[in-house]
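These are my notes from going through one structure, entry by entry. I wrote down what I looked up and what I found.

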Amino acid sequence: MGMLKNHKLRHRAHVCAFNSLRFAARLRGQLSEFAPSLAETLQTVGEELAAIARDECANEQERRQLIEGLKSALRALELSEAARAHIVSQLEPRIMAGETTRTTAEAWTRIAV
């Protein structure tokens, strides 16, 4: 069962990163006013993968599978080795910690009171 879960996590991370980066690149290529910057896109991908790590990964090994999926998506997009290493080094700590930047409903409740 562990191998199947690892494969699913790796695949899910690959699809998330690949589709997000490819879609944003297409929008930028069409000079759309709604196109997110590369930094915004990476922030979103990091947020998604950190949420998956927080909610679905029980240990460090499973979180490493998310990082492997991210790496495979970056390879599929044919980014340079330096760009891949830079992106992974930026997102890896968030994924491993499972830290998202979104505030929870509890935080909004505390602010409102």
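**Entry 1: the cysteines**

I began with Cys 16, which counts as buried because its relative accessibility is 15%, and the cut-off for buried is under 20%. Cys 57 also counts as buried, at 8% relative accessibility. I then looked for disulfides and found that the structure holds zero of them.

**Entry 2: what kind of model this is**

I noted that this is a predicted model. I looked up the confidence next. The protein chain averages a pLDDT of 88, and 88% of the residues score at least 70. Where is confidence lowest, and where is it highest? The lowest mean, 50, belongs to helix α5 (residues 105-112), and the highest, 96, belongs to helix α3 (residues 60-76). Where pLDDT is low, the predicted coordinates should not be read in detail. I left α5 there and went on.

**Entry 3: the whole chain**

I counted the elements: the protein chain has five helices and zero strands. Read from the N terminus, the order is α-α-α-α-α. Of the 113 residues in the protein chain, 33% are buried. I also looked at the contacts with a separation of 6 or more, and 68% of them join residues 24 or more positions apart. The accessible surface of the protein chain is about 7,400 Å², and carbon and sulfur atoms hold 56% of that surface.

**Entry 4: helix α2 and Thr 41**

Helix α2 covers residues 38-56. I checked its length: at 1.5 Å a residue, its 19 residues should span 27 Å, and the end C-alpha atoms are 27 Å apart, so the two agree. Among the buried residues of α2 are Thr 41, Leu 42, Val 45, Leu 49 and Ile 52. Which helices do the buried residues of α2 pack against? They pack against α1, α3 and α4.

Thr 41 is buried because its relative accessible area is 5%. With neighbours within four places in sequence set aside, Thr 41 is in contact with Ser 20, Leu 21, Ala 24, Arg 28 and Pro 36. I took one of these, Ala 24, and checked the distance: Thr 41 and Ala 24 are 17 residues apart in sequence, and their C-alpha atoms are 6.9 Å apart in space.

**Entry 5: helix α3**

I repeated the length check on α3. Its 17 residues should span 24 Å at 1.5 Å a residue, and the end C-alpha atoms are 24 Å apart, so this agrees. The buried residues of α3 include Glu 62, Arg 63 and Gln 65, along with Leu 66, Ile 67 and Leu 70. Their cover includes α1, α2 and α4.

**Entry 6: helix α4**

Helix α4 runs over residues 81-97. The 17 residues of α4 should span 24 Å at 1.5 Å a residue, and I found its end C-alpha atoms 24 Å apart, which agrees. Where in α4 is there a kink? A kink of about 35° lies at Leu 91, shortly before the proline Pro 93.

The buried residues of α4 are Arg 84, Ile 87, Val 88, Leu 91, Arg 94 and Ile 95. I compared this list with a general rule. An α-helix has 3.6 residues a turn, so residues three or four places apart point the same way. The cover over the buried residues of α4 includes α2 and α3.

Is Arg 84 buried or exposed? Arg 84 counts as buried because its relative accessibility is 19%, with the cut-off at under 20%. Leaving out neighbours within four places in sequence, I found Arg 84 in contact with Leu 74, Arg 75 and Leu 79.

**Entry 7: positive phi**

I ended with the backbone. Leu 31 has a positive phi of about 55°, although it is not a glycine. Leu 31 sits in the loop between α1 (2-29) and α2, and it is exposed because its relative accessible area is 75%. Glu 78, also not a glycine, has a positive phi of about 60°. Glu 78 is in the loop between α3 and α4 and counts as exposed, at 69% relative accessibility. Just after α4, Gly 98 takes a positive phi of about 65°.

Technical notes: Residues numbered from 1 in each chain as written. Predicted model: local features only at pLDDT ≥ 70, side-chain atom pairs only at ≥ 80, totals over all residues. Heavy atoms only, no water. Helix = DSSP H or I, 4+ residues; strand = E, 2+ residues; numbered from the N terminus. Buried < 20%, exposed > 50% of the residue type's maximum accessible area, 1.4 Å probe, protein only. Contact = heavy atoms within 4.5 Å. Areas by Shrake-Rupley, 256 points an atom, 1.4 Å probe, with all protein chains shown as cover. pLDDT = per-residue confidence, 0-100. Expected span 1.5 Å × (residues − 1). Bend = angle between axes of the 7 residues up to and from the residue. Disulfide = S-S within 2.5 Å.
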